Each structure stands twice: as C-alpha cells, then as structure tokens.
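Open the model in your viewer and keep the selection tool at hand. The stops below go from one group of elements to the next.

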Amino acid sequence: MVDLDSEVPPLPPRYRFRDLLLGDQGWQSDDRVQVEFYMNENTFKERLKLFFIKNQRSSLRIRLFNFSLKLLSCFLYIVRVLLDDPTQGLGCKELNRSCSHQNYTPGTIDWSPIIWVNRSLPLWGLQVSVAVISLFETLLLSYLSYKGNIWEQILRIPFLLEIINAVPFIITIFWPVLRNLFIPVFLNCWLAKHALENMINDLHRAIQRTQSAMFNQVLILISTLLCLIFTCICGIQHLERAGNRLTLFDSLYFCIVTFSTVGFGDVTPKIWPSKLLVVIMICVALVVLPIQFEQLAYLWMERQKSGGNYSRYRAQTEKHVVLCVSSLKIDLLMDFLNEFYAHPRLQDYYVVILCPTEMDAQVRRVLQIPMWSQRVIYLQGSALKDQDLLRAKMDNAEACFILSSRCEVDRTAADHQTILRAWAVKDFAPNCPLYVQILKPENKFHIKFADHVVCEEEFKYAMLALNCICPATSTLITLLVHTSRGHTAPWEAFRQLTGTKQTLNRESQQSPEQWQKMYGRCSGNEVYHINLEESTFFAEYEGKSFTYASFHAHKKFGVCLIGVRKEDNKNILLNPGPRYIMSSTDICFYINITKEENSAFKKQEKHRKNHESKLSYHGASRLPVHSIIASMGTVAIDLQDTGCRGASGATLALPAEGGKEGRRPSIAPVLEVADSSSLPTCDLLSDQSEDETTPSDEVSAGFEYAKGYPPYSPYIGSSPTFCHLLHEKVPFCCLRLDKGCQHNYYEDAKAYGFKNKLIIVAAETAGNGLYNFIVPLRAYYRPKKELNPIVLLLDNPPDMHFLDAICWFPMVYYMVGSIDNLDDLLRCGVTFAANMVVVDKESTMSAEEDYMADAKTIVNVQTLFRLFSSLSIITELTHPANMRFMQFRAKDCYSLALSKLEKKEREKGSNLAFMFRLPFAAGRVFSISMLDTLLYQSFVKDYMISITRLLLGLDTTPGSGFLCSMKITEEDLWIRTYARLYQKLCSSTGDIPIGVYRTESQKLTTSESREMASQSQISISVEEWEDTKDTKEQFSCRGNHRNSTSSDQSDHPLLRRKSMQWARRLSRRAPRHSAKTAEKINQQRMNLYRRSERQELAELVKNRMKHLGLSPAGYDEMNDHQNTLSYILINPSPDTRLELNDIVYLIRPDPLTYVPNAGPSRKDSFCNTVGQDTREETQL
C-alpha cells in the first residue's frame, strides 16, 4: 500500500500568512503552471456581455440606471413645459421668423408654436447629456445582443423610440439653429416602462426568488395606463399651443374626463392635430388596455384556483397549521374545522390547506363564509414540491396534518402517497410536528418518525372487537374524543327542543325524553389532564392510593380519575390499582364535563333545609340537579358533604322487606393505602386460575390453552399482546369452518357444539388489520370460559401469511362466503351468534355519488335485520350521515322526531349531529371517520391517542389496566346508586367504573299507544272489533305500561287463513265512526301484513336450514327487539340509580401486577370480565 503522506510535498521552511494572501514568492523554482478556466470566451465582447447582460447583479444595476435616465428625461420635459410661454416668443429668431402673436381665422393653424419651443441653455445641456448617454447605452446593448440579423435590432420599437428622442439632441450640438426644435421627449416614458419590466426580471434572477405572475401583470397594467395618460397629457398640451394654449393641469383634467367616459365638454381640443391625437390615443387604449385586463383576469382566476401564497409576515407574527390532503371533501373539511376551532386557545390560529386538486364548488362556498374566510386559506399545490411547501410556509407552521384518502379504491396506493408526503414535509421542515393518518397497519412503520400516527384499520377492528364484549365501545370512544365546546352542546340543543314545549310526537305531548336528557348531558364528558400538586380535585390525595383518590374525587367533585403518568416516564397507566401511591409530580388524567381550569367551586351548606340537595330528583332516573351546572363553557361544581359515614350506616344497607329482619352487609370503605392481605390475587399466568376450576364435566380439551405472545405477526409494527394461545398451531385445513378435512369432519358451525355464542365478522378480504380484531378477544385477561368462537366470513380466500398469524389462536375459523347469500350465513352459524360485525368493503368505498358508497352494506344489513331480528348487528359505514338508514322504519313517529332533532343539531353546527340516532346511541353502527377527530384533538391533547390505544387493547403497558364490563343483575340492585357501586368496586377489586350502558323499553307516544291498544284487541272473532268501549278500557290500563312494545301481538300468533278471512270480513263492515275507526282498520291491516311477511321470512329461513341439513330449532323468528333503546352514560352523577341489566364499563387493573399469595383462592367474580351474553354474572 502506498504511503499517502509521502506524496504530499512538504511546506516551505518559513510559510507565512502573508504568503497565503499575496502568493508564495519563495517557490520560484517550482515547475507548477497556473491555469485559469473561463466559463465564456475570454474576449472583450464576451466580457462586456457578461457585465451588461448575463450577470444578474451588474445587469440589474445597468437597467436601474437606464430606468433612472428615462425618468429624468421625462422630468426635464415637464420642467421645459412649465418654463416655456408661447406668448413670449417661440425662440425662432435665428431663422428670422416673426415671433409675435397673431390672430388666426378658423381653419388655419399656426404651426410655429408646435414646431418650435423655448428651451433654455442649461436645460438644453442637461437634455443633450441624457440623450448622449442613453443613445450610447442603446447602441452598446444592440451590439452585444446582435445575433446576425441587423434589421431585427433596428426595427425594434424601443430602438426606434431611442433614435427619435436622442438623435435630434445630438444634431443640435452640430447645428445650433435647431436648438429650440420640439422633440417628443415624453415618449421616453414607454422606454422607462420597458426598462422597468427588464429590471423586475433581473431582480428576480438576482435574489433567486420568483415573484408571483399576478404582481408582474398588475405592475405592467399600471405602468401601461400611466404611460398612456402621460403621453396623452403631453401631446394634447403641446398641440394645443396653437389652439387653446392648455396648461399641463388642464390637459390632465381633459384626459381623465375623457378616459373615464364622463366627458363634461368644458375643455375640448380646438385644432384637428390635437383631435386626431385624442382619437389615436382612445383607439390605442381600446386595444391595449383590454388585452392587459384580460391577462390580469386570467391570472386572477388562476390565482384563485391555486390560492396564492401564505404571507411570510403573517407566518412570523401569527400561528398557523397546514392540512395536507390528496382530495378535499366538504365533510372532511367541516369535521376538521369544527373540531380544531372547538378549543378556545386555537381561535387565533390560521389553517392553510395544501391540496393538489382544484377547490370544488361546495368547499368554495363554505370558505366564503366570513367565519372561515378570515381563518382558512386554500392553496392548490403538492406537498412533494418545495415551492408549494414554501408557499404554505411549512417551516413556520405549528403543525402539519397529513390525511389519507379513504375513498380510494387502492388503499395501499393512498398510503404510499401519504408516506411520501410525510417524508417530503420532514425533509423540508424537520422541526414541524407531524400528525399523520394511515390506512393500512403494514405501512405504519414507514412513518414512525411522526409525532402522532393514527392507523385507521388498527383502531377500527379493535373497536369493533370490543363492541362484541363491551357493548357500544365505539360510541363510548367517539363521545370521549369529540370536543363538546365545554357546555354539552347536544344536551343544550335537546333542552331547547323540549324545554320550550316543542314536542316529539303527533299528539303534542309536553313530555321530554328523559333518556335524551341524561345521554346528552353525559356525552359532554371528555378526558383532561392536570398536575396533581396544582389540582383542586386531586391535591389532597397525595400519598394515598390511586383507587382512594379516584373514588373520593368522584364522590366529592363528580370527576372520574382514570389514569396517571409519572414525571420521569412517558407511559400512561390506566388504573394502576390500589398499590399505586399518588405523587405530587404525577400527571392525572380524568373524565369530566370540562377541565378544572374552567371550573368554579363553591362549598355547599352543611345543613341545608330538609337536605333538599339529597331529595331533589328529576325524572325517572331520580337524578339530582345539584352536582353539575353547565353554563357558557364554565362549570360550577358544588362540593358535596364528604364526611365519613359509618361502615354499618343504614344508607348502605339493603332496606328491610316484608318479614325480613336481617340485611345484607354494607360496603367496605376504600382504604387510603391498600392492604396487601386484602388485595385480590389474579394469577392469570397459572394454569389453575379460577376460570379453570370448573366441574370435571365441563373441562374439555378446548380450555387447555397457554398464555404468551403470538409467535407470528402479519405485519411489522404490531404491539405485542399477551394472549390465550394454543400449545400447537392448528393446520390450515382445520381453520376452514365449512369444509371437513382429515382432522375433523365438521362442515357447519352447529356441528362444532360451541359452548358460547359465535362472533361473526363479514369482511371483503382478510387484511392485516383483521388481526387486531382477534387479539383483543383473545387477550390474557379474558376468562377462558367466556371466549367466544370467532368466524371470519370473507368474500375472498385469505393468504397464507394471515393464516399463519391466526392459527395459534383458539376457536378462530374462516369461511369463504358473503352476507348476500343466505346459505353462507346459515352455515357460519348466524342463527346462534351473539354478534355479527359487518365491515365496510373497500371496493364499495368509492362511488360516483359519495353517499351511495354505503348503499350495498345498508341494504344487506337491513335484510339481515329482517331475517334475524334477534341478532345483534354491528355495522361499519363510510359516511356517518347514512346511519339514519339503519333499521329504517318509514312510518315510525319516534324515528321522525329524532330526524328533526338531528336536523336542528346540524343547523346549529354540532360536531355530533347524529348522536341521538338510536343505532349510534346503542353502538350498533360505526364509521371510521368519527375517529378523525382523535388526530385533530391530539394537537391540544397529545395523550389522547395513547389513552385510546390502551382502552382498545392496541397497546399494553406493564401496570396499566384494560377496558371491560360487568352486568347488573337482580342480586346487585341492593347497591342502588352509581356512587355506591363505585365504592364497592374500589374497595373490593380496585376497578374504576367510567360509564353505564343502559337498555330500556322505548316509550310510546299517545297515538302509538292507542294503536297498540287497538292492535292488542285483535282476535279471530269480529264482534270484538265492534266493541270500541272495551278497547278504550284496555287502553286506559295499558297506556302507561312502560314495557309495552309494538310486538306484543306477536305473542299470540294467528292462523294465516283465519287472519285473511277476518281481514276480508273487516273490510266489508261499515265503521260506526268514520275517522277514528278507519285509522284502526288501516293499522290492523298493516299488522296483518307484517305478521304474514314475518311468517314468510321465517318459513324461508327454516326451509333453507332444512335443505342444508341444519336443525331449525335455534331460529327464533319472533324475538324482536325493535322497541328497545340503548344509550351510554359517561361518568354519570354519583346519585344515578342503577337499573336491572345495566352494563357498567370498567377499567380493571392489570392482573399481572398482583403477586399471588398463599391465602385461599379468590372466589370474587369481579376478576372476570362479564359481557352482555355471559351466563355467570358479576355478583355484588
């Protein structure tokens, strides 16, 4: 190897800095040769061309000097005009002409005032100097730009004007007689305009910045207009020296009046040359100005399309965020703007939209509304171009939101575009925070550098999975991540609708719906955070256990403490359990109607008259009106009496009933510091956990599962979750539900004999996101006895990679089929399924008419609803507005009333106008666009994505709890109130309740009750129809029955033949009261029609089951739940009454944080997650 140091010549002995600057004089003996390289020819002409034309900076100086010369020449002309007086002689003595003023007869013109002027010697000298310099510069530039065609240089208009204005002055040097000859120097204004245009171009080249074409065109238009007016002023003034002898001001007045088409007529030209000049100038203006205006209008339209630039000054003085999308729809825009500007501290922010497509008509109309036009700026451009990012001032932006186009047919291609946009923004503005929405989970690892990422399919499938265990989880999360503007806008809107005596039924009953009041008010709860030592809610609980702080904060302030984060740790812990001790530096996360900073506190009187606050209840649920008062974004919270009650107080015991003298034990108090001996032990890693201690006849091979991490993940970036797994993976042939193999011969779901009901997922393809549906349902904290079999009903066969991932999970099967086919539904076990999840198909997400993308899904689900009315169907839609078509009933008065309420909410700009729709309130419909606000809200609450992932089970943090549910049974009603339930959970298992899912019978209006009463009198005997008096009596005793439904008549099935005979006989009878009885007849006919239709559908399903060899025993065609309504109460008031079949949402501590002890095995059923279909319910 050659030594490189030996090839470097040594430095001279005395090498000084002076030698570096002046050159080394000591190396005279060096044989090196200095070579100079030139980019152009080293000739005199090329050097001049480089200085005058090619070099931007020197060329800019030359053009600026030329522009100044032209302006100076125009200024000297004006000075000459002001000093010249035609009445004092015309300066023509040298030619021996008479200079005295003469009176001319009309029709004759004295041309001498036009040809000769009076020019003083100093002024003449200045004008000659300017002319010589200008002519020399023009000739030099023409020589340098000469390219072989001399006529092209000579016939140019600027060259001709220069010759006209400069050569006569040079001639007067050699011929003094012509010194007072008139020269049209005012034409130099056009040369000044030409020099200005060239100067602007050189300026852009010199500073390396491109000014907008709009600015250049406006500058050209203004300069053209000024040159026309100046030329006309000077020309009219000079020609009228032989006529009216107008001054410059009179000429200016005449030109303005003429060009503005006013034409007063007080100043007019007298001689024909000036009249001819006016005609010429008007013609030139009519030709030149429209061309300039047309170009300006075209550039203005293009500017409106592209949006122009975001001001650099505004970017430095005001805050703005950038929204990058591939195509902007009006729904996406309004969701973003409503959620973003719902936060008070974001009111002064600007939103810059960067979109490559042209703004459509709907978006344009919205952005013209004054509320948005002042704050939203639309720029047409691409995030992949630095010029467009510079236009949006991305380097000064507070954040950049990059959203994917979920309506694309190829969702993978849409993700690729999102990834490139994220890379481009990160390369251009490394310090700008990125908020990225991605569609496919396998593409998430490409944008791990982003500050916040929301993967659509991850959240979607995890939420749909939890909907099967904890009903309406999708609605719960949607309400939590939406901003309610601090005063529960949906509840206020409904209060205005009902409190002002506006009714929801045909009979004008002034009876507001109690469930809507409770649901609307509780929907305003959101997740907030605060430092413990700065909090009024939690400061007093420093050094106490988490469960103690959560219970007492809810009891005293009505807030629900759900999690904490240590100061030195980025991980959020949801319900870390009673072992966790609160520290002053902890960040507390809580659910409340508004944040603590917007709350005012007032101490309640300890002894109020008759304890009115404890006895004032409102409505059927007996809610107190004292705890929370919402008003204009600020909540006033009354501090409740927090005196410790006795452990055996009468208020905690079950009241004595009848002859019972004993009473159940009271609820234990929540300890400040958890006692290790009293903590439950949930050793879920042990094989002898409680869910396996079942009688020997129930123990089967199906429960022999292991716990561990899945050995194979279908995509990179999935969060590892501890799950129930099989000891050995299942062969791929055994995963197929409808086809037997050498290992088993089962060909339908019924043959497997599952203990628990099925969960069926209908999807188009088995994408990687579907893996996130299985993982939460097989998490380690789910009891083995309650694991539901999962059947994937796929339109297309899954690939081997997906089967590799799911073959380790117990009771997971797939079947190729479609929900359009009744046979496929029956084979996959729809008749004994607990839930059916219908996932939106990618191939139908794009349609010519946007909202028609859900048409096929809605009709298919409606068919399922008619065929299997007892089946719980959870549907995903592309557009949330289409949820009004779910379980559609055209003539239902209640649905019509809810539709009116939704319209009022939408008119008032509510973020969740559809929240009172029954399918959404019950959690039976979901749209992923509802979670777009999760990404928007993370700009203000950076913890929302982490908390949502923990609730959905997408992330598992050691020590953090999980979301589950429990059901209130008859044995649990002794608890009575939500506050006592809170205490019972915190004192026994450490669970934190966050809400209640309530199902109740739908209340009927007066007209509906009357119809129900008349329908209940249907009998085979016609005489019963005639007895209207009995009908009214029956109505009076059944009208106020809470659980009466429109399906009561289904409990007494009629024979079809006799029913039709009765209907024919009924049609022949003449009614006694035409108006009322006609309505009864129509309703009874409709009832018969419905019954016959239901019977036909039932016969169709049973015949298909018999044809497929399936037993129709499990099909219950008459079990209809159309007249029940379900809704969510997030963080309800402590005094809320518990009702039968309420499902309570719980955040349960991580079982792995508890170390099992040597004590007796735990028998408390609180450690089991109880779903809506669990056979063994939680006992309190």
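Begin with the four strands that form an open sheet in the order S24-S27-S25-S26, where the pairing is antiparallel. The edges are strand S24 (962–967) and strand S26 (1124–1130); each has a single partner strand, so one side of each is left without a neighbour in the sheet. Direction ignored, neighbouring strands here are turned by 25° against each other on average. Strands, written E, are DSSP runs of at least two residues, and helices, written H or I, are runs of at least four, all numbered from the N terminus. Two strands count as paired if DSSP finds at least two bridges between them.

This is a predicted model, in which local features need pLDDT of at least 70 and side-chain atom pairs count only at pLDDT 80 or more, while totals for chains, interfaces and linings use all residues. Residues are numbered from 1 along each chain as its sequence is written, and side-chain values use heavy atoms, with hydrogens and water left out.

Next, select strand S27 (residues 1143–1148). Six of its six residues are buried, where buried means under 20% relative accessible area, exposed means over 50% and partly exposed lies in between (1.4 Å probe, protein chains only). In a regular strand the side chains alternate between the two faces of the sheet. On one side of S27 are Ile 1143, Tyr 1145 and Ile 1147, on the other Val 1144, Leu 1146 and Arg 1148, and all are buried.

Now look at the partners of S27. S24 is joined to S27 by six antiparallel bridges, and Lys 967 stands opposite Ile 1143 in S27. S25 pairs with S27 over five bridges, also in the antiparallel sense. Which residue stands opposite Ile 1143 in this pairing? It is Tyr 997.

Move on to strand S25 (residues 992–1001), which pairs with S26 in the antiparallel sense over seven bridges. The bridge partner of Tyr 997 in S26 is Ile 1128, and that of Thr 999 is Ser 1126. Six of the seven residues of S26 are buried, so S26 is largely enclosed by the rest of the structure.

The next stop is another open sheet, with six strands in the order S3-S2-S1-S4-S5-S6 and parallel pairing. At its edges stand strand S3 (376–380) and strand S6 (452–455), each with a single partner strand, so one side of each is left without a neighbour in the sheet. The twist averages 15° from one strand to the next.

Within this sheet, select strand S4 (residues 399–402) and strand S5 (residues 434–438), which run parallel and are joined by three bridges. Phe 401 has Tyr 435 in S5 as its bridge partner. Helix H18 (residues 456–469) lies across S5 and S6, and runs at about 55° to S6.

From S4, step to Ser 405, in the loop between S4 and helix H17 (411–428). Is Ser 405 buried or exposed? Ser 405 is buried, with a relative accessible area of 11%. Not counting residues up to four places away in sequence, Ser 405 touches Ser 326, Ser 327, Ala 414 and Leu 439; contact means heavy atoms within 4.5 Å.

Then turn to packed helices. Helix H3 (residues 56–83) and helix H5 (residues 121–144) pack at an angle of about 150°, with their axes 10 Å apart. That makes H3 roughly antiparallel to H5; angles over 145 degrees count as roughly antiparallel, under 35 as roughly parallel, 65 to 115 as roughly perpendicular and the rest as oblique. Axes are lines fitted to C-alpha atoms, for helices over the stretch in contact, and angles run from 0 to 180 degrees between N-to-C directions. The residues in contact include Ile 62, Phe 65 and Leu 69 of H3 and Leu 123, Leu 126 and Val 130 of H5.

Among the residues making the contact are Leu 48 and Phe 52 of H2 and Leu 140 and Leu 144 of H5.

Finish at helix H29 (residues 855–867), which has 13 residues. Among its buried residues are Ile 858, Val 861, Leu 864 and Phe 865.

Conventions
The expected span of a helix is 1.5 Å times one less than its number of residues.
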